[in-house]
Amino acid sequence: MHASTRSHFGLAILLAALSTLGPFSIDTFLPAMSAIGQSLAVTPLQMQQALTVYLLSYAVMMLWHGSISDAVGRRPVVLVTTLLFSLASIGCALADSLGQLLLFRALQGFCGGAGLVVGRAIIRDKLDGADAQRLMSQVTMLFSLSPAIAPVVGGWLFGAFGWHSIFVFMALIGLALFLMSWFALPETHHESARQPLKIKYLLANYWQVGRKREFQLLTAAVSFNFAGFFLYIPSAPVFLMQHLHLGPGQFLWMFGPAVSGIMFGAYLSGKMAGRVEQKDIVSRGYVVMFIAAGWNLLYNLLAPTVAMPWAVLPLALYTTGMSIAAPSITLNLMDQFPSLRGTASSLQGFFQTMMSSVVAGLIAPLAWGSPLSLAACMMVMLVLGFVFRMGYRRRVTMASR
């Protein structure tokens, strides 16, 4: 392990744990969605709103986490949001109607993205260049354990104690992260570097970041890349339980390979940091993603019936490529605005999560009717991500002439 990576391993663990809070809130309750809907006497489509509302509020608040941390510091934002997340989770556990559940899911969403946004800013506060990419990759490796563990934990809790216990568990996770951050999270954004917390300054910062074409193109690229995989997350109950005939406790059959791919891709990205140019790392990631998406599409076109493990192995390869490319793209995004890293991280997170909201609420329900339509949507998302990335490369090439 690289010396600088070893010295920041404790921070990587904490930042990874904070980053998992948002995704954990999605994946943990997936195995129980049907039962929650029956308990609250709502249809599956209405129950899907519990995911969509969460993602929308998650996206909206991501616009503010980074900017607020630019103004008041990283540490206060993390402490407040982890504590509020814990309280919102208790509210979800006590909800006895869909309206109450949606209200507290929205509050969870408002808090769930702070660790991800602020954590990326903390990395760039402390490190530069290849060291920052190594730590970003290490955080990604640790963070990626959450999607594999969460549905398994959710399925076990649901089977043993009922769906309310899932939200009680989320409350305990939020409280644990609050205590860990209170004692172990350093403040990396010092007062001399802070931006005023005034609406006009925030809007001016958003305008400065959001209007830059290179930022727009890279944000679109990473959002569509991720959407190619995220499509399978809200579709997981249908994909696994109806198409592959697995049970609520067997979600690991999809999430395990996919998350293994994320971890392996992050490992490869970290190993290449400082040895291979960032643009070449990203290109290699796209090659792997296109091989995976093509494999997925051909298998679903040619196979008489989809079956394990062939139905999920392409997801593992896709997430490997996605995770090879993502750290370099994310660092490129934030490096365009050295004094507004939190704002840049927030804006990128907002657009990516809004894309995920559209996928969860609109595209996934249209595509999950067959594994072939899911595979076709994955390819479309990847092609769009590649087109935007090539648009960014053309602008960079023209600017350097």
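Predicted model: local features only at pLDDT ≥ 70, side-chain atom pairs only at ≥ 80, totals over all residues.
Reader: What makes histidine 243 count as buried?

Author: Histidine 243, which lies in helix α15, has a relative accessible area of 18%; buried means under 20%, exposed over 50%, and partly exposed in between, with a 1.4 Å probe and protein chains only. Histidine 243 is therefore called buried. Of the 401 residues of the protein, 57% count as buried.

Reader: Which backbone oxygen does the side chain of histidine 243 reach at 2.8 Å, and why is this called a polar contact?

Author: The side chain of histidine 243 reaches the backbone oxygen of tryptophan 368 at 2.8 Å, and a polar contact is a pair of N or O atoms within 3.5 Å, of which, within protein, one must be able to donate a hydrogen and the other to accept it, while residues adjacent in sequence count only if both atoms are side-chain atoms. The backbone oxygen of glycine 369 lies 3.5 Å from a polar atom of the side chain of histidine 243. Leaving aside residues up to four places away in sequence, histidine 243 touches Val238, Val306, Trp368, Gly369, Ser370 and Pro371, with contact meaning heavy atoms within 4.5 Å.

Reader: Why is histidine 245 called exposed?

Author: Histidine 245 has 65% relative accessibility and therefore counts as exposed; the residue lies in the loop between α15 and α16 (252–272). Phi of histidine 245 is near 60°, a positive value in a residue other than glycine. Most residues other than glycine have a negative phi.

Reader: What makes alanine 41 exposed, and where is this residue found?

Author: Alanine 41 has a relative accessible area of 67% and is therefore exposed, and this residue is found in the loop between α4 and α5. Phi of alanine 41 is also near 60° and positive.

Reader: What is the volume of the largest pocket, and how many residues line it?

Author: The volume of the largest pocket is about 390 Å³, and 20 residues line this pocket, with Met33, Ser34, Pro44, Pro237 and Val238 nearest its centre. On a 1 Å grid over the protein atoms alone, a pocket is an open set of points with protein on both sides within 12 Å along at least five of seven lines, a cavity is a set where a 1.4 Å probe fits but cannot get out, and lining residues have an atom within 4 Å of a point. α4 (33–39), α5 (44–47) and α15 (236–243) each supply at least two residues of the lining of the largest pocket.

Reader: Which residues line the second largest cavity?

Author: The lining of the second largest cavity consists of Leu18, Leu21, Val78, Thr81, Thr82, Cys111, Gly112, Ala114 and Gly115, and the cavity has a volume of about 40 Å³. α7 gives the most to this lining, with three residues.

Definitions and conventions:
Residues numbered from 1 in each chain as written. Heavy atoms only, no water. Points joined across faces, edges and corners; volume = space filled by probe spheres on them. Helix = DSSP H or I, 4+ residues; strand = E, 2+ residues; numbered from the N terminus.
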